[in-house]
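Please look at the model shown here and follow the short report below it, which takes up one topic at a time.

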Amino acid sequence: MNIPGPLSQKPRLAVYKFSSCDGCQLQILELEDELLELAGEIEIAYFLEARRQALPGPYDIGLVEGSISTPAEERLIRQARKDCKVLVSIGACATAGGIQALRNWADIDEYKKRIYPRPEWVATLDVASPIAGYVYIDFELRGCPVNKRQLVEVLSALLAQRRPHLPTYSLCIECKRAGIPCVMVARKTPCLGPITQAGCGAICPKFNRGCYGCFGPAETPNIAALGRFFQEERNVSRPAMVRMLRSFNGYLEPFKTSSDDYEQCIQP
Amino acid sequence: MSNASNPETRVIEVHNLARVEGEGSLHLKIQGNRVTDIRFGIFEPPRFFEAFLRGRSFDEVPDITARICGICPVAYQMSSCTAIEAAMNIKVEGQLRLLRRLLYCGEWIESHVLHMFFLHLPDFLGYESAISMAADHKDLVVGALRLKKAGNEIVRLLGGREVHPINVRVGGFHRVPERGELDALGEELSACRNFAVDAIRFLASLRYPELEIDYDCVALRHPKEVAMLDGAIATSRGLEIPISQFPDHFEEIQVPHSTALHGRLRNGGTYLVGPLARLNLNWDLYPPAIKKLAEEIKFTVPCHNQFKSLLARGFETLYALDHALELISAYAPPSEPAAEIKVRQGVGHGCTEAPRGILYHRYEIGADGLIRSATIVPPTAQNQPQIEADLAAYAPRLLSLPQEEMTLRCEQLIRNYDPCISCATHFLKLTVDRG
């Protein structure tokens, strides 16, 4: 992350929503113990879910939730970039396109016709894209949803003008540190932990299930090796492999290309 | 702008409705004292869940549908699971079913408290947000935060995290808690109970606009308990049908100003789902302590004033808290975390009580366990036409008010419904047009 120039005395925060479930911005309101303190440190100038009063920009920090999937959203994100000194995308929709990016592999007109009797009333872009596909982003916070402790870390770092301390290594490291028995070894459960970025607290293994990739690809993941192991040792079919990679972060590389390769039988 | 000098036409317009979940708008046009145009617009971008669920495996569905809504993911998981279990003839009973109810109590508490104190109450007390409200009502906001946190703690403990829990699966859970793991949760919930009761007394002292509407209430009804996960779909006009007959009696239609389909009864009528509808249909099953509190604050059921949905949420929150305590004290860990699953072809319907009202799911599953078709009818989509009908009844009474005040009142009415626009789009943008 670029460390921003000095922020205002009481930095002004804007929270934007694009195509999403609201869950990542909700994480701000889920900071039950810190919310009032946070409101003392930062002026929450624009946050439609929390307040009716929308103070005009410019803002010091913009948090962006959601992916860009309609022409109106494209216009709004360009304005948000102009209005914010620092722009941070939060969550899988904003950093990867989110679950709705599954439609990028499909015919959007067929989708519209399937759901809406009058598809011509519904305006959409051909693909649902991460924010960085449209404007320059200063920092990305992964997760479906983002982890609220990580969100506090990013905001604290911005206020202190330092880099946030956030891991880019795989979930396995976080899981081992927590002393959780490996579900892939002990329970023979397929787990995306080796290729997924840490940050959630290794909750799935803690609950006896395999990681399903909410935090997207870790730094330099060896997807081919995991895929081979899944298929040879854990009875995972090629179509199941495609589905595992194509979920909340499926449109983010290298998950995207790998899933295409498995689909077209290019990956071993 | 001012109505006194020009009574003919007035327009109220809100482009981005605040303190709701998702993106919506309102356009209201009033000529004389007649509302001539209401468009409760939802411009939340469509995300096409029903389309991309096709071809996914049945066991991925609860994780995917959770992402429809960050505020009520448990509801989506529960409706998905119960529908898929119906299709595959899987019975989830005993402690597993009770653990699901406990998880749902957590979501009712966190979602209701968020809406009551952070989204809705500022309208009644004249603040633009709970944060500005906290300057004058600090104890109330701090107490509400603690109660909300306790609800979230249920979801975190049973689900792994508050938003998009990871521990729910078709057939039950991945892991069930040990007996001792719930003790601290029980203590915290008990510690929040006095606040919950005092908060209801405080909410009862507020001034509620008078607006009685003859609602056709629709909710789940279970013969023995306040329905959450199962039962029959009942209406205040006397219809009682199994969940699988939902499509025979209810339909969704598309209107140009909304990316959310509108729900209505097949005979064309609007209907009400959510906390007030639930209380009206299930009040006989409420525990005596809560009925006594209702009597004390002079809340009578049936209630047909949606502004008092604020109180209905209060009662449901208290019920969920007491019920959670009951479930915790009677908890004995089941031997298996989930019922056995045998994949089979079939069609299944599920309907559960999301915080905002009934949430219906239907899946057609192939013999390979892959989804062939999916239908999801969220509560806010069903309430949309009723919101417009309420506005048509309410707006003419507000004509003497200045524009800003009238707009605020209309927004408050919309917030009665705790509309979850992310869910329904399948938003909210309010314009009152009076010329």
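The structure is a predicted model, and the values given for it are computed from its atoms. Chain A contains 12 helices and five strands, and its C-alpha atoms fill a box of roughly 60 × 50 × 30 Å along the principal axes. Because a compact globule with 268 residues would have a radius of gyration near 18 Å, the 20 Å found for chain A agrees with that expectation.

The largest cavity has a volume of about 100 Å³, and of the 16 residues that line it, the closest to its centre are A:Cys21, A:Cys24, A:Cys93, A:Cys144 and B:His164. Two elements of chain A, helix H1 (23-29) and helix H4 (92-96), each give two or more residues to this lining, and H4(A) gives the most, with three residues.

In chain B, helix H4 (residues 94-125) and helix H11 (residues 309-329) pack with their axes 8 Å apart and at an angle of about 150 degrees. Since angles over 145 degrees count as roughly antiparallel, H4(B) and H11(B) are therefore roughly antiparallel to each other. H4(B) passes H11(B) in a left-handed crossing.

Terms used. Residues numbered from 1 in each chain as written. Chains lettered and ligands numbered in written order. Predicted model: local features only at pLDDT ≥ 70, side-chain atom pairs only at ≥ 80, totals over all residues. Heavy atoms only, no water. Axes fitted to C-alpha atoms, helices over the stretch in contact; angles between N-to-C directions. Helix = DSSP H or I, 4+ residues; strand = E, 2+ residues; numbered from the N terminus. Parallel < 35°, antiparallel > 145°, perpendicular 65-115°, else oblique. Left-handed = near helix turned anticlockwise from the far one by under 90°. 1 Å grid on protein atoms, 1.4 Å probe; cavity = no way out; pocket = protein on both sides within 12 Å on 5 of 7 lines; lining within 4 Å. Points joined across faces, edges and corners; volume = space filled by probe spheres on them. Rg over C-alpha atoms; globule rule 2.2 N^0.38 Å.
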